Amino acid sequence: MNPTDGRGAAIRLDAVRKQFGDTVALHDITLDAAPGSLVVLLGPSGCGKSTLLRVLAGLEEATGGTVHLGGRDVTGLPPAARGISMVFQSYALFPHLTVAENILFGLRARKVARAERDARLARTAAMMGLDKLLERRPGQLSGGQQQRVALARAIVAEAPVCLMDEPLSNLDAKLRAEMRHEIRSLQQRLGLTMVYVTHDQVEAMSMADQVVLMRDGRIEQDATPAELYARPATAFAAGFIGTPPMALLRLEAGPGGACIAGAPEHAVAPAEAAGALLGLRPEDVAPTNGHGLPATVTSAEFLGAETVLRCAVGSEVVQARIPGHQVMTPGSPIRLRLPPPAHLFDHATGRRLPLPVHAPALA
Ligand code: ATP
């Protein structure tokens, strides 16, 4: 395929299971990715992201289930026969080869004809801004340039599916942000289907068309970044997304409705919500004069454009993300304005609960 065709392949995993001895790393994973989309596999360490990517790549054999790429059943095929390219965290360029030789290494191994190799190298190097660096060796490049060479090595394969496992984790924060942007625009320009593994929710939210949030070898939620933010399906998903993430507060029955645990004077939700967890995004909470939920400031973290306040309410902690530099001494009393309750979760199962139909009682 010529990458400028802009046609990535559809991906379909059906009940994919992977067991290592007694450890079940993947429990019957089913998911679809549209051609040309960027899917992020997100989740904490050990949740099975890399294993899922390796099963997709053919580097691990699935214990059960099927993998289809571009409508073709590739479950039993080796990596080279699947139409994929890969970029890993340790991008392992060959130190004694030039940039050009590194980029072309795979094509040489696959005995692609010289004219074709040269044409692809010229196209890829121009696209990746590497044309002036082709004769250098990896030791003469910055970390970001080396990462770009690793990326070019994958792109030059012109495969319809590109798999990336934490490709930016060796880079500093600024470079990571730049490369994130670069990878996303490259993927869109080429129309590749990309599966990208990360444990960084900012990376996931900023790059993905589709986020597959994983936990303990299962899919917790498979949604667009906007859906994941607006309607987390579980308390786990709610607590994984956002900077800082949504606070989850235990609600108890109080005289006027459901109250934050340990603060019975102020109802924050209708009585039916007692016993549930209330999810509050810090960006939806604001200090207020006069009325509002009484709280005590425990810390104020200045981040430049905004300040994150942590406030004690009863036995729980409510966070507020507010614009500008707010100077607050720990121990100061404060009143907080909360949004109408929008996220409730079952305390035991963590599942999202429907909101009570009554008009909410507000702090
Ligand atoms: P990380 O972000 O730390 O890389 P991950 O989400 O990618 O984590 P995996 O590496 O896929 O997680 O591991 C999932 C589970 O499978 C873990 O419990 C891990 O210990 C186990 N596992 C992975 N590879 C093997 C293996 N080769 N042999 C035995 N167990 C394995």
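The following conversation goes through some local features of a predicted model.

Student: Which residues surround the ligand?

Tutor: The ligand has Phe20, Ala25, Pro44, Ser45, Gly46, Cys47, Gly48, Lys49, Ser50, Thr51 and Glu166 around it. By class, this shell has 4 nonpolar, 5 polar and 2 charged residues.

Student: Which helix gives the most to that shell?

Tutor: That is helix H1, residues 49-57, which contributes 3 residues.

Student: What lies 2.8 Å from an oxygen atom of the ligand?

Tutor: A polar side-chain atom of Ser50 lies at that distance. An N or O atom in the side chain of Lys49 is also 2.8 Å from an oxygen atom of the ligand. For Gly48, a polar backbone atom is 3.0 Å from a ligand oxygen atom.

Student: And how much of the ligand's accessible area does the protein cover?

Tutor: The protein covers 57% of the 640 Å² that the ligand has on its own.

Student: New topic. How many aromatic pairs does the structure hold?

Tutor: It holds 2 aromatic pairs. In one of them, the ring centres of Phe94 and Phe105 are 4.6 Å apart and the planes are at 45 degrees, so the pair is tilted.

Student: Where do Phe94 and Phe105 lie?

Tutor: Phe94 is in the loop between strand S6 (84-88) and helix H2 (99-109), while Phe105 is in helix H2, so the pair ties together parts that are 11 residues apart in sequence. Phe94 is partly exposed, with a relative accessible area of 30%. Phe105 is likewise partly exposed, at 40%.

Student: What lies over the face of Tyr229?

Tutor: Arg281 does, at 4.1 Å from the ring centre.

Student: Now the backbone. Which peptide bond is cis?

Tutor: The bond from Thr243 to Pro244 is cis, with omega near -10 degrees. Pro244 is found in the loop between helix H8 (235-240) and strand S11 (247-254).

Student: Where is Lys111, and is it buried or exposed?

Tutor: Lys111 lies in the loop between H2 and helix H3 (114-128). Lys111 is exposed, with a relative accessible area of 72%.

Student: Where does Asp28 lie?

Tutor: Asp28 is in strand S2, residues 23-33. Asp28 is partly exposed, with a relative accessible area of 47%.

How values were computed:
Residues are numbered from 1 along each chain as its sequence is written. This is a predicted model: local features need pLDDT of at least 70, side-chain atom pairs count only at pLDDT 80 or more; totals for chains, interfaces and linings use all residues. Side-chain values use heavy atoms; hydrogens and water are left out. Rings of Phe, Tyr and Trp (its six-membered ring) pair if their centres lie within 6.5 Å; planes under 30 degrees apart count as stacked, over 60 as edge-to-face and the rest as tilted. Helices (H or I, at least four residues) and strands (E, at least two) are DSSP runs, numbered from the N terminus. Buried means under 20% relative accessible area, exposed over 50%, partly exposed in between (1.4 Å probe, protein chains only). A charge sits over a ring if NZ of Lys or CZ of Arg is within 6 Å of the ring centre and within 35 degrees of the ring normal. A residue is near a molecule or strand if one of its heavy atoms lies within 4 Å of it. A polar contact is a pair of N or O atoms within 3.5 Å; within protein, one must be able to donate a hydrogen and the other to accept it, and residues adjacent in sequence count only if both atoms are side-chain atoms. Accessible areas come from the Shrake-Rupley method with a 1.4 Å probe; for residues, only the protein chains shown count as cover. Ala, Val, Leu, Ile, Met, Phe, Trp, Tyr, Cys and Pro count as nonpolar, Asp, Glu, Lys and Arg as charged, and the others, Gly among them, as polar.
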